[in-house]
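Here's a quick tour of the pockets in this one. Have the structure open as you read.

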Amino acid sequence: LFGLVIIVAALIGPLAWFLPLTVKYDNSALFSQYLGSAALIAMGLSQLLATRFRWLETIFGGLDRIYIIHKWLGVGAIAAVLLHDTIDADIKGTGLETFLSDLAESLGEFSLYALLILVVLSIATFVPYHLWKFTHKFMGALFALSSFHYAFILKPFDVLEPLGLYVLGFCILGIACYLYTLLPSIWFASRHAYTVRSVEQTGDATSVTLD
């Protein structure tokens, strides 16, 4: 429960900065930008859970619960991104377009469609596990592109303002966690000597007892 409270608080946190902007800018565009920010926060937290750090189990429960939360954070993020793309987020008077802002917009569109393809592969039960595992690794790379989109796209606040830094912090956290998951697991895994005492099959579950 404590872990879920942290996630909800992280997702609604940006509203404290978005609400004052509603008196100056188009509310539907601001809502779209909030959805995009919330999606990045959710994806950043999802990347953190993917590290499977032991201390995460203290906050969120066992690995089984962490996997479930990781899954639904991803689903929620994709839903938010789709709404963000559907609702026009353009706001006039937020600055002049530059090469970086144009590139950020293009990368945002590319990452959206690429993420949708990977989500379909994740949902499709007929996709072999090894193929799913390989394609799933690209989620973090697309998250990095989405973070670039956020950092350089035109918006009614600067990325170095409190709201900008808040969301950017989750972007940096997510990218750092993604890079961590790419490292060889043998570098960090605890190693123990053991022998297999028994292997029992019960339905679809295999129970392995180790000494």
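## Ground rules

This is a predicted model, so to speak with its own cut-offs: local features need pLDDT of at least 70, side-chain atom pairs count only at pLDDT 80 or more, and totals for chains, interfaces and linings use all residues. Residues are numbered from 1 along each chain as its sequence is written, and side-chain values use heavy atoms, with hydrogens and water left out.

## The largest pocket

The largest pocket comes in at about 1600 Å³. A pocket here is an open set of points on a 1 Å grid over the protein atoms alone, where a 1.4 Å probe fits, with protein on both sides within 12 Å along at least five of seven lines. Volume is the space filled by probe spheres set on the points, which are joined across faces, edges and corners.

Its lining (residues with an atom within 4 Å of a point) has 40 residues, with Ala-50, Thr-51, Arg-52, Tyr-67 and Thr-181 closest to the centre. Helix 5 (63-86) gives the most, with 8 residues; helices are DSSP runs of H or I, at least four residues, numbered from the N terminus. The lining splits into 23 nonpolar, 11 polar and 6 charged residues. Ala, Val, Leu, Ile, Met, Phe, Trp, Tyr, Cys and Pro count as nonpolar, Asp, Glu, Lys and Arg as charged, and the others, Gly among them, as polar.

## The second largest pocket

About 710 Å³ of space sits in the second largest pocket. Of its 31 lining residues, His-84, Ala-89, Asp-90, His-149 and Ile-153 lie nearest the centre. Helix 6 is the top contributor here, with 7 residues. By class, this lining has 14 nonpolar, 10 polar and 7 charged residues.

How values were computed:
Helices (H or I, at least four residues) and strands (E, at least two) are DSSP runs, numbered from the N terminus.
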